[in-house]
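Please have the model open as you read.

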Amino acid sequence: MVRPAACLFDLDGLLLDTEPLHAEAWQQAASHFGRPLQDEELLALRGRRRHDCADQVLQWINLSGAEHTPNREQLLAVRQPIAEALLVQAAPMPGAPELVHHCAELGVPMALATSSSKAAVALKASPHPWLELIAVRVHGDDPQLNRGKPAPDVFLLAAKRLSVEPNQCWAFEDSPAGVQAASSAGCRVHVLPPAHLSAEQRRTIYPGIEQYLTTLCDVIEQLN
C-alpha cells in the first residue's frame, strides 16, 4: 500500500476522547432551558463548529415550545464553563499518541483539521504534549476557513497548507459531519465510529463506508 502524502486528523473523538464531555455540556445547557437532547441529536452535533452546534440546539429549543428561548450568547454562557471544566480531563483515544509518533518517525506530514476553536484546542491539548508533533493546524475559527464541517473546506485548507493534494491524503474522522467533509474533499477517509453504535446504526450514519477502524492502532501497520 502506498503511503499517504499526509495524514489529516480530526481532534475531538478521534485523537482525544472529548465527545462524551462535549455531549454532557450540550445536554446540561439544553436542559437548563427546558429541552433535554436525545442520543441521536447529540450524535448529530459531533464534529461541527461550536456556533453551528449552538444554532442547531437553539432550533430544537424553539421547536419544543420551551417557556424561555435563549439566544446564542445566553446558551453558550451556560454551556462554555461546563465544557471547559470537563474537557481538560479528556484522555487520548486508544492508539492516538502511538499513531502520531509513528507518522512523525516515518516523516509523514500531519495536520489537524478540527472544528474546535484555537483557544479550545489549546485548552484540550495542554495535558498532551504529543499533540505538539502536529504543527500545522486548521481550527474552526481560522480566518481562512469559510465553512465548517460537513463542508470540505477544513480538509482542503489543511492539505493546501501542507502543499499536498487532498486526494493523496488520509483523513481520520469519527463524526458523520467530519466523514462527509473529508469525503467531499477527496481524501481517503478512515472512520473511527463511536463504540456504542450497532452495525445498522453505522450503515445509516455513515452511508457508503464499508470498513471501520477499531482503534487508531489499526492504521499503524498499514503505514509500515
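## Two packed helices

A crossing is left-handed if the near helix is turned anticlockwise from the far one by less than a right angle, and right-handed if clockwise. Helix 1 crosses helix 4 in the right-handed sense. The model is a predicted one, where local features need pLDDT of at least 70, side-chain atom pairs count only at pLDDT 80 or more, and totals for chains, interfaces and linings use all residues. Residues are numbered from 1 along each chain as its sequence is written, and side-chain values use heavy atoms, leaving out hydrogens and water.

The axes of helix 1 and helix 4 come within 8 Å, crossing at roughly 150 degrees; the two are therefore roughly antiparallel (angles over 145 degrees). Among the residues of helix 1 that meet helix 4 are L21, W26 and A29, and the helix 4 side includes L75, I82 and L86 (contact means heavy atoms within 4.5 Å). By class, this contact has 12 nonpolar, three polar and two charged residues.

## The largest pocket

About 890 Å³ of space lies in the largest pocket. Its lining has 50 residues, with G13, E19, P20, R46 and D174 closest to the centre (lining residues have an atom within 4 Å of a grid point). Helix 1 and helix 4 are among the elements that give two or more residues to this lining.

## The second largest pocket

The second largest pocket has a volume of about 150 Å³. Strand 5 (residues 188-191) gives the most to its lining, with four residues. Others in the lining include I209, Y212 and Q222.

Terms used. 1 Å grid on protein atoms, 1.4 Å probe; cavity = no way out; pocket = protein on both sides within 12 Å on 5 of 7 lines; lining within 4 Å. Points joined across faces, edges and corners; volume = space filled by probe spheres on them. Axes fitted to C-alpha atoms, helices over the stretch in contact; angles between N-to-C directions. Parallel < 35°, antiparallel > 145°, perpendicular 65-115°, else oblique. Nonpolar A, V, L, I, M, F, W, Y, C, P; charged D, E, K, R; others polar.
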